[in-house]
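Welcome! Take a moment to turn the structure around on your screen, and then let us walk through it together.

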Amino acid sequence: MEGKTPSDSEIKDHTYKVFPNDLNSRGTAFGGMVMSILDRLAAVVAERHSAQTCVTASVDSMHFLAPAHRGDHLIFMVAVNRAWRTSMEIGAKVLAENPRTGEKRHMVSVYFTFVAINENEQPSPVPPLIPETAAEKRRYKEADIRRSRRKAEAAETEKRRAQDKKS
Ligand SMILES: CC(C)(COP(=O)(O)OP(=O)(O)OC[C@H]1O[C@@H](n2cnc3c(N)ncnc32)[C@H](O)[C@@H]1OP(=O)(O)O)[C@@H](O)C(=O)NCCC(=O)NCCS
């Protein structure tokens with residue numbers, strides 16, 4: 001399968017304006033609203049890269065680093081970090097921009113794993129990713145470290161559950 005670059009599928013600056021119906025009871029942007037937009041955009045990127053239907057397999061390291069306020073502009077940046085056999089890590093970053101001052105704050109960072117699915121609902125191979133820039137190469141390398149951690153954590157959970165069943 002021919003490889004693709006991150007720029008073939010990335011979303012550079014999807015922008016969303018925070019209105020009063022987007023706020024939580026503290027009066028800042030509701031995190032669930034931001035998560036929903038992120039999951040949709042990550043699906044778009046995964047489907048662009050794989051040219052297949054993709055499902056969210058996992059979401060990890062989601063950090064809300066700063067609040068966004070009414071009237072702020074949320075800028076979503078989403079790209080494939082790495083592709084393996086049937087899965088892809090999609091990284092996303094959200095900035096909150098103050099429209100009056102132009103100040104931009106780093107609001108959210110998160111990593112999704114999406115899996116491509118064929119017509120029989122089975123995981124299906126995806127094209128390899130060809131990182132080009134220095135940042136893309138760094139994300140590509142780090143994605144493999146995170147995948148190893150995810151696998152180790154899943155294996156540890158399985159082991160603990162099996163032990164709990166025995167006792
Ligand atoms: C994701 C899903 C398709 C994986 O199916 P599965 O039978 O476990 O598939 P496999 O064990 O063959 O794994 C397939 C790939 O998924 C990856 N994967 C499976 N579970 C994962 C998880 N929890 N986190 C990250 N990756 C995962 C595997 O590492 C593998 O990747 P690779 O082929 O690149 O090496 C299946 O668990 C599923 O359908 N989940 C529900 C998805 C869903 O409904 N999402 C919400 C709505 S979109």
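Which residues of α1 are buried? Before the answer, please keep in mind that this is a predicted model. In α1, the buried residues are Gly31, Met33, Val34, Ile37, Leu38, Leu41, Ala42, Ala43, Val45, Ala46, His49 and Ser50.

**The helix and its neighbours**

Helix α1 covers residues 31-50, which makes 20 residues. From its first C-alpha to its last it reaches 28 Å, close to the 28 Å expected at 1.5 Å a residue. What do the buried residues of α1 pack against? Their partners are the strands β1 (11-17), β2 (53-64), β3 (73-83), β4 (87-97) and β5 (104-117). Just after α1 comes Ala51, with a positive phi of about 55 degrees.

**Strand β5 and its partners**

Now look at β5, a mostly covered strand in which 11 of the 14 residues are buried. With β2 it pairs in the antiparallel sense over nine bridges, and Val59 has Phe112 in β5 as its bridge partner. The pairing of β4 and β5 is antiparallel too, over 11 bridges. Here Glu97 has Lys104 in β5 as its bridge partner. The hairpin of β4 and β5 has six residues between the strands, and in this hairpin Gly102 takes a positive phi near 80 degrees.

As background, side chains in a regular strand alternate between the two faces of the sheet.

**Charged pairs**

Side chains of opposite charge can pair when their charged atoms come close. How many salt bridges does the structure hold? There are eight salt bridges, including the ones in this table.

| Salt bridge | Distance between the closest N and O atoms |
|---|---|
| Asp144 and Arg82 | 3.8 Å |
| Glu89 and Arg146 | 2.7 Å |
| Arg150 and Glu89 | 2.6 Å |

Start with the salt bridge of Asp144 and Arg82. Asp144 lies in helix α2 (residues 134-166) and Arg82 in strand β3, so this pair ties together parts that are 62 residues apart in sequence. Asp144 counts as partly exposed because its relative accessibility is 28%, whereas Arg82 is buried with a relative accessible area of 15%.

Next, find the salt bridge between Glu89 and Arg146. This pair links distant parts of the chain, with Glu89 in strand β4 and Arg146 in helix α2, 57 residues apart. Is Glu89 buried or exposed? Glu89 has a relative accessible area of 0%, so it is buried. Arg146 also counts as buried, at 11% relative accessibility.

Seen together, Asp60, Glu89, Arg146 and Arg150 are linked in a network of salt bridges.

**The largest pocket**

Rolling a probe the size of a water molecule over the atoms shows where empty space is left. In this model, the largest pocket holds about 400 Å³ of space. It is lined by 21 residues, of which Met77, Gly91, Ala92, Lys93 and Arg139 are the closest to its centre. The elements that give two or more residues to this lining are β1, β3, β4, β5 and α2. Which element gives the most to the lining? That is α2, with six residues.

Conventions
Residues are numbered from 1 along each chain as its sequence is written. This is a predicted model: local features need pLDDT of at least 70, side-chain atom pairs count only at pLDDT 80 or more; totals for chains, interfaces and linings use all residues. Side-chain values use heavy atoms; hydrogens and water are left out. Helices (H or I, at least four residues) and strands (E, at least two) are DSSP runs, numbered from the N terminus. The expected span of a helix is 1.5 Å times one less than its number of residues. Buried means under 20% relative accessible area, exposed over 50%, partly exposed in between (1.4 Å probe, protein chains only). Contact means heavy atoms within 4.5 Å. Two strands pair if DSSP finds at least two bridges between them. A salt bridge is a side-chain nitrogen of Lys or Arg within 4 Å of a carboxyl oxygen of Asp or Glu. On a 1 Å grid over the protein atoms alone, a cavity is a set of points where a 1.4 Å probe fits but cannot get out, and a pocket is an open set with protein on both sides within 12 Å along at least five of seven lines; lining residues have an atom within 4 Å of a point. Grid points are joined across faces, edges and corners, and a volume is the space filled by probe spheres set on the points.
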